[in-house]
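Trainee: Could you take me through the sheet in this model, strand by strand, and show me which side chains go with it? I'd like to follow the pairing closely, with the rest of the chain as background.

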Amino acid sequence: KHVLNAQVAIRSPCCRKWFDCAECHSETADHPLLQSFDMTFACKKCKKCFRKDAREFEESDEYCPFCDNHFVLDAVTPKASLQVEGEDVRKDARMLKDERVRGEEERTIFNVKDAADRLG
C-alpha cells in the first residue's frame, strides 16, 4: 500500500507479523515498532525466508540468497493523479477514436464537388 514495488516482506521483531514497511506496521499494530539489527525477510519472488544483519549490510546483501532477486530498490510510492474513468475498452470502445478510419468529411454550405451545378 505504501511501497508499490516492495520485493520482500519484513518480519517485525515485536509482534512477529509480516509487513511491507514500517508505516504498514504502525497502521495495524497498537504498539510502536521495536527496532532491531537482526532482520528477517521473506522474498516475494521465491517465497523463501532469510535473515540479514543490518550492521554488516554489503552490496551483495541486496539480493535474495535463494533466487538473486534484487530487493533493495528505490521505493515507488503512490501519487495522486487525475484520470478519466470509463468502461473497460474491451467492452465499450466508444471513447476511443481510431485514426485509421476516416469519418464523413466535413459538411459545409459550399461544396466544391457540386459547385458548378449550384452556381450556374
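Mentor: Happy to! Let's start at one pair: Val8 has Cys43 as its bridge partner in β3. Please keep in mind as we go that this is a predicted model. Val8 sits in strand β1, which covers residues 8–11 and pairs with β3 in the antiparallel sense over four bridges.

Now move across to β3, which spans residues 38–43 and holds Thr40. Five bridges connect β3 to β4, again in the antiparallel sense. Within that pairing, Arg51 in β4 is the bridge partner of Thr40. Putting the pairs together gives an open sheet of four strands in the order β2-β1-β3-β4, with antiparallel pairing. β2 (18–19) and β4 stand at the edges with a single partner strand each, so one side of each has no neighbour in the sheet.

Is Thr40 buried or exposed? Its relative accessibility is 15%, and because the cut-off for buried is under 20%, Thr40 counts as buried. Beyond its neighbours within four places in sequence, Thr40 is in contact with Ala9, Ile10 and Arg11, with Trp18, and with Phe50 and Arg51. Arg51, the bridge partner of Thr40, counts as exposed at 59% relative accessibility.

Arg51 also brings us to the charged side chains. Side chains of opposite charge can pair when their charged atoms come close. Arg51 forms a salt bridge with Asp38, and the closest N and O atoms are 2.8 Å apart. That pair links distant parts of the chain, with Asp38 in strand β3 and Arg51 in strand β4, 13 residues apart. Asp38 is partly exposed, with a relative accessible area of 38%.

How many salt bridges does a search of the whole structure find? There are three. Another one joins Lys44 to Asp20, with 2.8 Å between the closest N and O atoms. Lys44 belongs to the loop between β3 and β4 and Asp20 to the loop between β2 and α1 (22–28), so the pair ties together parts that are 24 residues apart in sequence. Lys44 counts as partly exposed at 35% relative accessibility, and Asp20 also counts as partly exposed, at 26%. The remaining pair is Arg55 with Asp53, whose closest N and O atoms are 3.4 Å apart. Arg55 is exposed, with a relative accessible area of 58%, while Asp53 counts as partly exposed at 24%.

Next, the nonpolar side. The largest nonpolar core has six residues: Val8, Phe41, Cys43, Phe50, Cys64 and Phe71. Val8 and Cys43, the bridge partners we began with, are both members of that core. Setting aside its neighbours within four places in sequence, Phe71 is in contact with Gln7, Val8, Phe41, Phe50, Phe57, Asp61, Glu62, Tyr63 and Cys64.

Finally, the background you asked for. The protein chain has two helices and four strands, and along the sequence they follow the pattern β-β-α-β-β-α. Of the 120 residues in the chain, 18% are buried. Among contacts with a separation of 6 or more, 34% are between residues 24 or more positions apart. The accessible surface is about 10,700 Å², with 51% of it belonging to carbon and sulfur atoms.

On confidence, the mean pLDDT of the chain is 75, and 64% of its residues reach 70 or more. Strand β4 (residues 49–53) has the highest mean, at 88, and helix α2 (residues 115–119) the lowest, at 63. Where pLDDT is low, the predicted coordinates should not be read in detail.

How values were computed
Residues numbered from 1 in each chain as written. Predicted model: local features only at pLDDT ≥ 70, side-chain atom pairs only at ≥ 80, totals over all residues. Heavy atoms only, no water. pLDDT = per-residue confidence, 0-100. Core = buried A, V, L, I, M, F, W, Y, C linked by side-chain atoms within 4.5 Å. Buried < 20%, exposed > 50% of the residue type's maximum accessible area, 1.4 Å probe, protein only. Contact = heavy atoms within 4.5 Å. Areas by Shrake-Rupley, 256 points an atom, 1.4 Å probe, with all protein chains shown as cover. Pairing = 2+ DSSP bridges. Salt bridge = Lys/Arg side-chain N within 4 Å of Asp/Glu carboxyl O.
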